[in-house]
Every structure is written in C-alpha cells, then in structure tokens.
Amino acid sequence: MTYHKPLSIKTLNTTLLVIIFLINCQISSAQQAGKTDAIYSGLPWYDPNGAVISSHGANIIKEKNLFYFFGEAHTDTSNTFVGFNCYSSKDLYNWKFEQIALPVQSGGKLGPNRVGERPKVMKNPKSREFIMYMHVDTPGYKDQFVGYAVSKNITGPYQFKGALLFKEKPIKKWDMGTFQDDDGKGYLLTHGGVIHQLSDDYKSIVAETNKQITSGFESPTLFRKGNVYYFIGSHLTSWEKNDNYYYTSKSLSGPWISRGLIAPKDQLTWNSQTTFVLKIAGSKDTTYLFMGDRWSYPRQRSAATYVWQPIKFNGDSISLPKYLDAWTIDTKTGVANEKTIDFQTIANDSKQIQYQGNWEKSVIETIPVTRSSSDRASCSFTFKGIQIGLQTVVLPDNGYARIILADQKGTVLINNLVDMYAKTPASRLVFLSPVLRKAEYKLTVSVAGERPNWFDKKKINYGSTANNITISKLIIKE
Ligand code: DGJ
C-alpha cells in the first residue's frame, strides 16, 4: 500500500504561491516595444511583459510620484479568491505588476475556496501604515463581512487581520468602498449608502456617520470636490451592468440629494460598474477619473475590462456624457483631453481579411459588419506595423471572440478572449495590441463558442443569448 504524506501548511502555502505566481505571469512574448499613450477603455490591458492586467473592484492611491492600482486578481475558471494584485504607474497608462498585495491565505476566511472582492487601500496619516479593506465571503455569497489587512510597504504583502469591528461586531455587508477626507479621517462605505467613520488608526470603526440612503446602491464610491460630496452606486444586477446613479451632500451625514444617473439612460454606465473615483490635481486643472469595471463572467481574467472616463462637472452635477474610446491625462498639469485614434482602417469586407467558415454580412445601425456563431469560423489578417486593433458592434447575442496575434515565425504573442456582448448595442473598440516592434504580424479572430452567461444566487439568468462574434473593422498603425 502506498502512503501519501499529507501536505504540510508550509508546503501548501508554497504551492498556492506558485499557482498564484503562474496565474499572474501567463507570460507571452508580446513584450511591449513602445508605451501606451492614452487611457483606452473596454479592452484588455497588458503589462510590459504582455500579461493581461487583472485588477478589478479596484482603487488607486498616489505615493511619492507613483500611482498604485489595487484590485481583484481573477481566473477564467472560478470566482474564488486568488489574491489582490498591485500594479504601479507614473502616467496611469502603463502599469507594471508589483506583486500580489494580499495572497490567498493558507486557511480561514480568505483561504482557499472563499470570495474576496473590492480591495481598497488607504494610507493612515498618523501611523503611515497602509490599510487594505475588502469584502470577504463564501463562493455562494452567504457569509459576508468587511475585512482588513495591514502593511508597512505600499505594495504589500498585506497581513490579513480578519473582520473590521464596530462595537466589537463585524460589518456584515457585501459591497464596500472607502473614502479619505481632506482632514485625513477615513470612512468605510457599504452598499445602501451607509458610511462608517474609522478610528484614528483605521483599524476599527468608531461611529455610524450616515444611515442607509436607499436599497441596493452597490459598489459605493464617494469623492469630494470643494465642499460637495458625491456618492455613486449601482443597482443590484449581479455581474450585469446597469445605469449607476448618484447623490450629493454638503455633509457626510446627509441629507443626501438624489441626482439621477451619471451616464445617459440605458447606456448602463457605458457598460460598466463604478468602483472608485481618483482625483488628479495638477498645476493647471483637476481631473476626477471615474473607474468602472466591465465585468465578463465567467471569463473575468481574460475578458473583464476597465472603463475609465473623465467626469464632467456642471455646477454640482456630474456626468459621463460621451464615451471616450481613448483620452489622455497629464498627471503633472491635471489636464484631460479626448484622443483621436488615427489608425489606418481595414473595413470588414476588405479583400485583405481572409474569412474561413460561415459568416454573414449585415448592417447594424448603419454600420456594415460580418457576423458568425459557427464553430470553426475565423478570419485572419496579415499586416506590417506596430499596433493592431479590432472594432466591433457589441450586441446582446454576441459572445467571446478568441484573438491570436502571431509574428512572422508563427510565435504566438497574444492569445486572449475578448467579450463582444452588451445589453445595449454600440460600436466599440474591443482589442488593441500592445505597441510592438515594427514587423509583420498575423491577427486571427475566431468564434470561441462561448458567451458571458450566468445565474445569480436567486437563479435569475443573465448575460448573452448566443455565441456570435461581430467584426466591423480592423485598425492598424504602421
Ligand atoms: C455585484 C458586486 O458589485 C460585485 O462586486 C460582485 O459581488 C457581484 N455582484 C457578484 O454577483
């Protein structure tokens, strides 16, 4: 009889760390030859090694001259906690993977087979420690509370301390956020619009500052401009996007005035869910950057993306009136500008695109497209240049497209799923390669045969109704 020695906690820890490291590495050889020059919403972002950036339900804090971006790491196979990632950047466009700020614990509430979401980090002004807050839960979302973790180094590793207590009891809420006021006081935000004031060391709660404003109001996001507080939240629709709305007040304890939607109705917050607003105060202007998640369940690692847009102010009203595919922010001056993507266009019916399998041509809202849901359908395009992008019309019956970018020798640089689904149709750029060395490359786009589709805990079905992929044009930069 063979006897297998049980794994010790130490071995288990090391194994977990190796798995997490491999998940985060997924190194392809798409080493970026040039830098990203703008914020491009709604497409996979790549770090300098060509690995997809996975950092959702995130926040950003600035320390010295670097921005640090903390968010949920995801896999494409399960929604369980695989750690919170930390990335850094000087310009908010190019993100370097620092490390897993909080890894999966060997056991306990953030151990294997648990849920950890919406990490938010604040620096305590007195102790100068970094404190991370998060939603802790079971995979079925039945044991939620707000937890916290502590680190002396901004990038971590953070030490998980368990539940954040108020009157010695945990806060048993799920969606959460944080807010640091100009006077250094820290606040915990929970769904429904509840605000709790943190203790001086940020490690417990001392008071309930604001009672529930409304039901729902998930992903609570609060920021301040002048003497007005803006409180943004979403409806409860699982991973599906909805029209996020906001309140304003001159005091954190209210009264909060309902101000309506932050983006045009039915645009579902430009197909995203709010997570944080970053203030970028520069020498000439101050820009408030709305950070939203475009979730893509179940392929969240590959296909969930970021919708980052500059907030427009009109008196004390805020809005995201127009979706910007690309825009620039000068982190020194604080000035934001829309960026025109002036690439060469290859239309969907160009002879240079080689279609294989069954495809249909049609026109959707005046846009000519080619569509397929057929299993072996693909199209490919060979080009010489430094960058390539793919424009689609996102639709309710679209699914995932597989994108493969290879060099002349056939070496695969990128192999990624891209989500073409949205409840509200729109013409969107859904893929843009990193800036590559000038050479010949081949892009292949194929029907993945899968779609974002899931049931929530009430067994309500959400997501796409079919596996179509839709090509409207390719864009290339020579
Ligand atoms: C909506 C929340 O905002 C997300 O953080 C996540 O918990 C999903 N619900 C799960 O369905």
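Close-up 1. Pro298 is placed in the loop between strand 21 (286-294) and helix 3 (300-303), where helices (H or I, at least four residues) and strands (E, at least two) are DSSP runs numbered from the N terminus. This is a predicted model, in which local features need pLDDT of at least 70 and side-chain atom pairs count only at pLDDT 80 or more, while totals for chains, interfaces and linings use all residues. Residues are numbered from 1 along each chain as its sequence is written, and side-chain values use heavy atoms, with hydrogens and water left out. The peptide bond that joins Tyr297 and Pro298 is cis, with omega about 10°. A cis peptide bond also runs from Gly254 to Pro255, with omega near 5°, and Pro255 is found in the loop between strand 18 (245-249) and strand 19 (257-261). Arg128, in the loop between strand 6 and strand 7, has a positive phi of about 60° although it is not a glycine.

**Close-up 2. The surroundings of the ligand.** Around the ligand stand Glu117, Arg118, Tyr141, Asp175, Glu218, Ser238, Trp239 and Gln273, a residue being counted as near if one of its heavy atoms lies within 4 Å. A polar side-chain atom of Asp175 is 2.4 Å from an oxygen atom of the ligand, an N or O atom in the side chain of Glu117 is 2.6 Å from a ligand oxygen atom, and for a polar side-chain atom of Arg118 the distance to an oxygen atom of the ligand is 2.9 Å. Taken alone, the ligand exposes 300 Å², of which the protein buries 92%; accessible areas come from the Shrake-Rupley method with a 1.4 Å probe, and for residues only the protein chains shown count as cover.

**Close-up 3. The largest pocket.** The largest pocket has a volume of about 770 Å³ and a lining of 31 residues, of which Tyr141, Glu218, Ser238, Asp456 and Lys457 lie nearest its centre. On a 1 Å grid over the protein atoms alone, a pocket is an open set of points with protein on both sides within 12 Å along at least five of seven lines, a cavity is a set where a 1.4 Å probe fits but cannot get out, and lining residues have an atom within 4 Å of a point. Grid points are joined across faces, edges and corners, and a volume is the space filled by probe spheres set on the points. Because domain 1 (14-338) and domain 2 (344-477) both give residues to the lining of the largest pocket, this pocket lies between them; the domain bounds come from an automatic or database domain assignment.

**Close-up 4. The largest cavity.** The structure holds four cavities of 30 Å³ or more, and the largest cavity contains about 190 Å³ of space. Its lining has 19 residues, with Thr36, Tyr40, Trp45, Tyr46 and Tyr93 the closest to its centre. Domain 1 (14-338) and domain 2 (344-477) both contribute residues to the lining of the largest cavity, so this cavity lies between them.

Definitions and conventions:
A polar contact is a pair of N or O atoms within 3.5 Å; within protein, one must be able to donate a hydrogen and the other to accept it, and residues adjacent in sequence count only if both atoms are side-chain atoms.
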